[in-house]
Amino acid sequence: MARLDIHLFGSPILRQEAERVAHITPELRRLADDMFETMRAANGIGLAAPQVGRRERLFVVDVDGVRQAFVNPELVGAEGRNKWEEGCLSIPEVYAEVERPSTVTFRAQDLDGVWFEVTAGDLLGRCLQHELDHLAGKLFLDRLSLLKRRAALRQWDEEKLNYPALRRVLPVDALPPEQAPPAPAAGTPAGDAAPPTPTP
Ligand SMILES: [Zn+2]
């Protein structure tokens, strides 16, 4: 497995619509493996193909005990509304409250091509919606009010100075999986980034 560079806000691929996967090939499975590894190394809970510079309709999540690749995912049901703070591996250190449906049903193929359905709320439900947005070229910033969006962009203007190439290269000496920090608990920021300050 390899760690892939994460494309950051400003990289054009994050604004392109992903393309339907026609055939699930060994290459696609390798990509999913690399995305799981990249997500783990970045302490994330979700990662979509455009975030690693790819066009496939594919994302991976590892949250609330669900570790799953979603190929050709579709939102087939949504209920309720709530607000939750979100972050994004492609917009490091920027967090904001986003309003979305509170419970969602998704349909997708797994890496064997088998269709499955999942209904989720809480952190997983959030994460699935955030990742689906990535496949449409959308970012959580797009869902903010004008004022909140301006504040988030100001934060990003400072943070992006750390990434002149708009790529986040993960260190090779990250902790091995058994020493990795625990997954964030419910109530912590959703989206695909880790909480801003991990609690002990
Ligand atoms: Zn994201």
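Is Asn 43 buried, exposed or partly exposed? I looked it up and found it partly exposed, with 18 other C-beta atoms within 10 Å. I noted the cut-offs: buried takes 20 or more other C-beta atoms within 10 Å of a residue's own, exposed takes 12 or fewer, and partly exposed is in between, with C-beta atoms placed from the backbone.

**Ground rules**

I am working on a predicted model, where local features need pLDDT of at least 70, side-chain atom pairs count only at pLDDT 80 or more, and totals for chains, interfaces and linings use all residues. I number residues from 1 along each chain as its sequence is written.

**Overview**

I counted 3 helices and 10 strands in the protein. These are DSSP runs, numbered from the N terminus: helices are H or I with at least four residues, strands are E with at least two. From the N terminus on, I read the order as β-α-β-β-β-β-β-β-β-α-α-β-β. Buried residues make up 35% of the 200 residues.

Next I checked contacts, meaning two residues whose C-beta atoms, placed from the backbone, lie within 7 Å. Of the contacts with a separation of 6 or more, 71% join residues 24 or more positions apart.

I traced an open sheet with the order 2-3-4-7-8 and antiparallel pairing. Two strands pair if DSSP finds at least two bridges between them. Strand 2 (46-48) and strand 8 (115-120) stand at the edges. Each has a single partner strand, so one side of each is left without a neighbour in the sheet. Neighbouring strands here are turned by 40 degrees against each other on average, direction ignored. For such angles, axes are lines fitted to C-alpha atoms, for helices over the stretch in contact, and angles run from 0 to 180 degrees between N-to-C directions.

I then followed strand 3 (residues 58-63) and strand 4 (residues 66-79), which pair in the antiparallel sense over 6 bridges. Val 61 has Gln 68 in strand 4 as its bridge partner. Leu 58 has Val 71 in strand 4. The hairpin of these strands has 2 residues between them, and Asp 64 takes a positive phi near 50 degrees there.

On to strand 7: strand 4 pairs with it over 6 bridges, again antiparallel. Ala 78 has Val 104 in strand 7 as its bridge partner.

**Helices on the sheet**

Helix 1 (residues 26-41) lies across strand 2, strand 3 and strand 4. I read its angle to strand 3 as about 40 degrees. Helix 2 (residues 122-135) packs on the sheet too, touching strand 2, strand 3, strand 4, strand 7 (103-109) and strand 8. Its direction makes about 160 degrees with that of strand 3.

How far apart are the end C-alpha atoms of helix 2? They are 21 Å apart. At 1.5 Å a residue, the 14 residues should span 20 Å, which agrees. The expected span is 1.5 Å times one less than the number of residues. I also found helix 2 mostly covered, with 13 of its 14 residues buried.

**The core**

Which residues have the most contacts inside the largest nonpolar core? They are Phe 59, Val 60, Val 61 and Cys 127, in a core of 44 residues. A nonpolar core is a set of buried Ala, Val, Leu, Ile, Met, Phe, Trp, Tyr and Cys residues joined through C-beta atoms within 7 Å. Helix 1, strand 2, strand 3, strand 4, strand 6, strand 7 and helix 2 give two or more residues each. Helix 2 gives the most, with 6 residues.

I listed what Val 60 touches, not counting residues up to four places away in sequence: Ala 32, Met 35, Phe 36, Met 39, Gly 46, Leu 47 and Ala 69.

I found another open sheet, with the order 6-5-10 and mixed pairing. Its edge strands are strand 6 (95-100) and strand 10 (190-191), each pairing on one side only. Strand 5 (residues 82-87) and strand 10 run parallel, joined by 2 bridges. Gly 87 has Gly 191 in strand 10 as its bridge partner.

**Positive phi**

Back to Asn 43, in the loop between helix 1 and strand 2. Its phi is positive, about 60 degrees, although it is not a glycine. Asp 122 is another non-glycine residue with a positive phi, near 50 degrees. It lies in helix 2. With 16 C-beta neighbours inside 10 Å, Asp 122 counts as partly exposed. Helix 2 is followed by Gly 137, whose positive phi is near 80 degrees.
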